[in-house]
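Here is a short briefing on salt bridges and a pocket. Look over the sequence and the structure first.

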Amino acid sequence: MNLRRRQTGLALVEFTLCVPVLLLVMCATAEVGRAFTHYSRLAHSVRDAVRHVAGLAIPNGTGVLNPSATTISQARNLAVFGNTAGTGTPVLPGLTVGQIIVANVA
């Protein structure tokens, strides 16, 4: 009986000590998942923009990239909004067209 009386509140103390650690692990897991989702969305939209530029930037078949200002503008819109018109909501919150740089490194 004496042993049982000493352990009366032990489960409550263990629960109180474990809950903050478990909540931290749960929140960290959710944040990593959100970061991976944002990375995937951004990679997909940038890949689409690169395909668009590659398809329009070589006009005469010489193999030399020469993107026009319209092509660059459309690529920026495609990377941010998912369409060349630049309408709708950005694929990521806080992403703007000004943050996208199209560089001709050829």
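E31 and R34 sit in helix α2, 3 residues apart, about one turn of the helix. Helices are DSSP runs of H or I, at least four residues, and are numbered from the N terminus. This is a predicted model: local features need pLDDT of at least 70, side-chain atom pairs count only at pLDDT 80 or more, and totals for chains, interfaces and linings use all residues. Residues are numbered from 1 along each chain as its sequence is written, and side-chain values use heavy atoms, with hydrogens and water left out.

**Salt bridges**
- The structure holds 2 salt bridges (a side-chain nitrogen of Lys or Arg within 4 Å of a carboxyl oxygen of Asp or Glu).
- E31 and R34 form a salt bridge at 2.5 Å, N to O.
- R51 and D48 form a salt bridge at 3.5 Å, N to O.
- R51 and D48 are 3 residues apart in helix α2, so about one helical turn separates them.

**Accessibility**
- Buried means under 20% relative accessible area, exposed over 50%, and partly exposed in between (1.4 Å probe, protein chains only).
- E31 is partly exposed at 41%, and R34 is partly exposed at 43%.
- R51 is exposed at 55%, whereas D48 is partly exposed at 26%.

**Largest pocket**
- A pocket is an open set of points on a 1 Å grid over the protein atoms alone, where a 1.4 Å probe fits, with protein on both sides within 12 Å along at least five of seven lines; lining residues have an atom within 4 Å of a point.
- The largest pocket is lined by 17 residues; A49, V50, V53, V102 and A103 lie nearest its centre.
- Helix α2 gives the largest share of the lining, 5 residues.

Notes: Helix = DSSP H or I, 4+ residues; strand = E, 2+ residues; numbered from the N terminus.
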